[in-house]
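Here is a short tour of a two-chain model, written to be read with the structure open beside it.

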Amino acid sequence: MNKDFEDQLIRELETEGITPDEKDELFDVINMVKKTSGINRSENFKKAYLNKLSNQKKEKFFYSQIYIPALLFTFLLFILIAGTVSAQKSLPGQPLYPVKILSENIIKTVNPSFNNEILKRRSEEIKSLSEQKKDSGLLQKTLDNYSKELETKSTNSVKIEESKKNLEEAKEASVEKNKKKIEEAIEKTENKILEIHDEDQNRGESIKIEVKSAQTSHEEENNKIEKKGGHEGESEQKEKD
Amino acid sequence: MRDSFDELYLQFSDKIYKYFYWQTGDPYLAEDFTGEVFARVWKNWKRFKPDFSQAFLYRVARNLLIDYWRKNKNRNEMSLETSIEAGIEPSYDEDFIEKIQNDDEIRKLRDAIKLLPENLKEIIILRFMEELSAKEVGEISGLTEVNVRVLQYRALRKLREVIKNE
């Protein structure tokens with residue numbers, strides 16, 4: 001037994017009125033109690049417990065720092081993709097419509113020819129809005145966007161033709177007061193088609209001219225070679241004679 | 001952080017095991033309790049570490065025991081909720097358990113201690129087996145130092161009497 005502990009204990013017991021005989025007896029009891037305190041569980045057993053805790057900590061770290069964030073990220077990605085895909089069918093005024101516009105802006109920065117597809121989409125929206133007899137403010141805004149796309153970027157005559165067809169169907173379906181606005185858009189579309197047609201023709205003619213001049217220069221070249229060949233033949237004949 | 005917890009476990013787990021062993025007389029239950037105490041401390045180690053003391057560890061052990069007695073008066077099982085939450089399956093040092101189960105002195109003392117009233121049993125365990133000071137025993141049991149001194153005298157006399165009568 002620790003000496004300080006024993007001295008302190010004796011003082012405390014004396015304060016409580018212990019007699020010397022009793023002290024010996026009580027210390028026998030204390031010594032008996034103390035004898036049993038020397039046995040301990042093995043070091044290996046204790047280390048095994050700590051290893052279990054450590055493994056749990058690693059597992060917990062994996063779940064909290066890697067697995068769950070990865071799962072959340074995948075889930076958010078899925079939501080984002082699903083939202084973007086379903087937004088493609090949305091119409092102006094619907095909650096997912098801004099997502100559609102955003103995704104279009106992203107795609108056209110990567111692929112500028114996507115403008116033609118955007119034009120067609122606006123025309124489809126105009127058609128749907130007209131069929132559904134939606135608010136003319138929304139229709140006007142969509143027509144403005146359509147015109148903007150048409151004036152600045154569209155060059156694919158097939159898509160523009162399809163857009164025109166959509167607008168014509170929209171005109172048929174729309175209420176009377178919107179018909180004129182749609183008609184204006186159809187007119188602009190027709191002008192654009194003519195513009196593209198003229199450009200194509202001009203381009204075709206200039207190509208024809210280029211081909212013709214290339215042919216002419218080629219013929220001239222051939223003539224020169226033939227003439228040169230004829231002169232050389234004559235001088236050879238003279239030498240032989 | 002982990003190293004200091006390991007040191008704590010290596011230093012105190014035997015003491016806490018023995019506290020539970022003498023309190024319950026069951027070596028397996030004592031191991032379950034010990035694992036649960038350290039799982040609880042480990043779970044909140046960041047919070048506990050700055051003010052950690054030996055007395056605090058015994059207080060956690062004592063509260064667990066009181067809780068167990070209150071809930072399972074007639075059943076010899078306990079809730080290992082924190083150990084299970086931490087994914088730790090109970091395991092036992094069978095050699096050690098066999099040793100204490102077959103030791104006559106330990107068995108005699110265990111039977112004697114079992115006959116003591118709860119408050120005196122706790123004083124014997126904390127004051128004489130674990131060699132804590134009267135002040136620390138008071139902190140753990142919610143008694144004043146003077147009360148502990150009075151009770152320790154009474155506890156020793158009672159234990160002597162029980163041993164004599166066995």
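Starting at the N terminus, the elements of chain B follow the order α-α-α-α-α-α-α-α-α-α. That makes ten helices and zero strands; helices (H or I, at least four residues) and strands (E, at least two) are DSSP runs, numbered from the N terminus.

A word on the source: this is a predicted model, in which local features need pLDDT of at least 70, side-chain atom pairs count only at pLDDT 80 or more, and totals for chains, interfaces and linings use all residues. Residues are numbered from 1 along each chain as its sequence is written, while chains are lettered from A and ligands numbered from 1 in the order in which they are written.

Of the 166 residues in chain B, 37% are buried. A residue is buried if 20 or more other C-beta atoms, placed from the backbone, lie within 10 Å of its own. Do look at helix H8 (residues 118-129) of chain B: at 1.5 Å a residue its twelve residues should span 16 Å, and the end C-alpha atoms are 15 Å apart, which agrees. The expected span is 1.5 Å times one less than the number of residues. Buried residues of H8(B) include Ile123(B), Leu126(B) and Phe128(B), along with the charged-end names Glu122(B) and Arg127(B). Just after H8(B), Glu131(B) has a positive phi of about 55 degrees.

## Where helices meet

Two helix pairs are set out here; axes are lines fitted to C-alpha atoms, over the stretch in contact, and angles run from 0 to 180 degrees between N-to-C directions.

| Pair | Angle | Axes |
|---|---|---|
| H5(A) and H7(A) | about 10 degrees | 8 Å apart |
| H2(A) and H10(B) | roughly 80 degrees | within 10 Å |

H2(A) and H10(B) are therefore roughly perpendicular (65 to 115 degrees). Their contact (C-beta atoms, placed from the backbone, within 7 Å) is made by Glu25(A), Leu26(A), Val29(A) and Ile30(A) of H2(A) and by Leu156(B), Leu159(B), Arg160(B) and Ile163(B) of H10(B). These residues divide into six nonpolar, no polar and two charged; Ala, Val, Leu, Ile, Met, Phe, Trp, Tyr, Cys and Pro count as nonpolar, Asp, Glu, Lys and Arg as charged, and the others, Gly among them, as polar.

Between the chains, the contact takes 30 residues from chain A and 33 residues from chain B. On the chain A side, H3(A) gives the most, with nine residues.

Conventions
Contact = placed C-beta atoms within 7 Å. Buried ≥ 20, exposed ≤ 12 C-beta atoms within 10 Å, placed from the backbone. Parallel < 35°, antiparallel > 145°, perpendicular 65-115°, else oblique.
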